[in-house]
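Welcome to a short tour of a protein model. Keep the sequence and the 3D view side by side as you read, and try to find each residue as it comes up.

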Amino acid sequence: MFPYFSIAGRTISSYSLFSLAGVLLALLYYLRVRRRSGFPEADGELAIISGITGAFSGAKILFLITVLPEFCAEFRFLFSDTELFLEKYLYSGFVFYGGFFGMLFAAFFYCRHARLDFSECLRLLFPMIPLAHAFGRVGCFCMGCCYGRKSALFGIAFDNSPVAPNHIPLIPVQLFEAAGELLLFFVTAHMAAEKKNGFLILAFWLVSYGLIRFFTEFLRGDAYRGFLGPLSLSQIISAAAAIFGIVLLIRYRKK
Amino acid sequence: MYEKIPGKNEAVASLVLGIISVGCWFFGYSSILSVVLGIIGMALASSSKKYGYQDSIRTAGFVLSLIGVIGGAFAFLACIACVGTLGVIGAFH
């Protein structure tokens, strides 16, 4: 597709562009709903900032866990080949689930610190996550990362991807996930507008996205992921997230 | 006698960090600094708002920090959702 483009002499990845477009749209959503939420404005901003910080940290920590043996073996290159080391372990390689749970914990601790209702915070801010992630997945498709298995029937061939094998029809699994996340955004935004309990919104997303991710992982063809037996790390986390979501659904279904 | 205005120090610090954050765009790998300083700048601007300080210094600090984060993230982000490290897989082998 279009992995890179140039603006004012600087090369920018389309992944960055789509991710940031998603984040900006999510912020627009927040600006639209914040007034009728009754949540303090400054606290809403601080919860978002805490969430972003938690997301970066969590996504990086989970990535480093998946490549821990390799990271330990190559740590000595930090001083002899600093640029390459930082490019490999700092500037690229983030895991979505790490970012998601990092964001959730950071927002939770902020609410606890500021003595705010975390359920209200979830109701106000949660729909931003599937919206931003949907655009991120479109960015993945443009880049060619997180690509699917070979399929002559449903496949789309990349011609200049720096990651996916070029000129081979591959299932556009990134777009399936993007469509699922966009649908989840509309449903969670509707639930928030209906003043549903924030934990119920979280539970609904955990179950729905957990199932989407668990099954779309079977369609993926990229091998450089963490695996535990026949299941990928993301599938194991998806299954755990879905079970946790069901527990929350049972607990909060009448609230 | 100097009178302390609640939130003003945070607003000024946010403006300074916002300016540094935008400045860091232009020095290659310091884009991560843009992101870190921009996030701290935004947090300070929001804290200032929480204290009730709503001056243009706070707004400028918030906007500059946000621009710093966005610009830094353009250079910093490679691929969040996947584990793949793009062109550097097996770089040390």
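## A serine under cover

Let's begin with S234(A), which counts as buried at 13% relative accessibility. Here buried means under 20% relative accessible area, exposed means over 50%, and partly exposed is in between (1.4 Å probe, protein chains only). S234(A) sits in helix 11 (residues 233–252) of chain A. Helices (H or I, at least four residues) and strands (E, at least two) are DSSP runs, numbered from the N terminus. Leaving out residues up to four places away in sequence, S234(A) touches Y97(A), R213(A) and E217(A); contact means heavy atoms within 4.5 Å.

Two of these partners are worth a second look. The side chains of R213(A) and E217(A) meet in a salt bridge, with 3.0 Å from N to O, and both residues are buried. A salt bridge is a side-chain nitrogen of Lys or Arg within 4 Å of a carboxyl oxygen of Asp or Glu.

## How to read the model

This is a predicted model, in which local features need pLDDT of at least 70, side-chain atom pairs count only at pLDDT 80 or more, and totals for chains, interfaces and linings use all residues. Residues are numbered from 1 along each chain as its sequence is written, chains are lettered from A and ligands numbered from 1 in the order in which they are written, and side-chain values use heavy atoms, with hydrogens and water left out.

## More salt bridges

How many salt bridges does a search of the whole structure find over all chains? The search finds 8. One of them pairs D43(A) with K50(B), the closest N and O atoms being 2.9 Å apart. This pair crosses between chains, from D43(A) in helix 2 (residues 41–66) of chain A to K50(B) in helix 2 (residues 31–50) of chain B. Are the two ends buried or partly exposed? D43(A) is buried, with a relative accessible area of 7%, whereas K50(B) is partly exposed at 41%.

Another salt bridge joins E177(A) and R137(A), whose closest N and O atoms are 3.1 Å apart. It links distant parts of the chain: E177(A) is in helix 9 (residues 173–193) of chain A and R137(A) is in helix 8 (residues 128–143) of chain A, 40 residues apart. E177(A) is buried, at 2% relative accessible area, and R137(A) is buried too, at 1%.

## Helix 1 of chain A

Helix 1 of chain A (residues 14–37) has 24 residues, and its end C-alpha atoms are 34 Å apart. Why does that agree with expectation? At 1.5 Å a residue, the helix should span 34 Å, because the expected span is 1.5 Å times one less than the number of residues.

The helix has a kink of about 25°, centred on L31(A). The bend at a residue is the angle between axes fitted to the seven residues ending there and the seven starting there. Buried residues of helix 1 of chain A include Y15(A), L20(A), Y29(A) and R34(A). After the helix comes G38(A), with a positive phi near 80°.

The structure holds 0 disulfides over all chains, a disulfide being a pair of cysteine sulfur atoms within 2.5 Å. For C111(A), the closest cysteine sulfur is in C121(A), 3.6 Å away, so the two are too far apart for a bond. C146(A) has its closest cysteine sulfur in C140(A), at 3.8 Å, which is also too far for a bond. C111(A) is buried, with a relative accessible area of 1%, and C146(A) is buried at 3%.

## Chain B

Now turn to chain B, which has 3 helices and 0 strands and follows the pattern α-α-α along its sequence. Of its 93 residues, 46% are buried. Among contacts in chain B with a separation of 6 or more, 73% come from residues 24 or more positions apart.

I67(B) gives an example to find in helix 3 (residues 56–76) of chain B. I67(B) is partly exposed, with a relative accessible area of 36%. Apart from neighbours within four places in sequence, I67(B) is in contact with V22(B) and W25(B). I67(B) and I19(B) are 48 residues apart in sequence and 9.6 Å apart in space, C-alpha to C-alpha.
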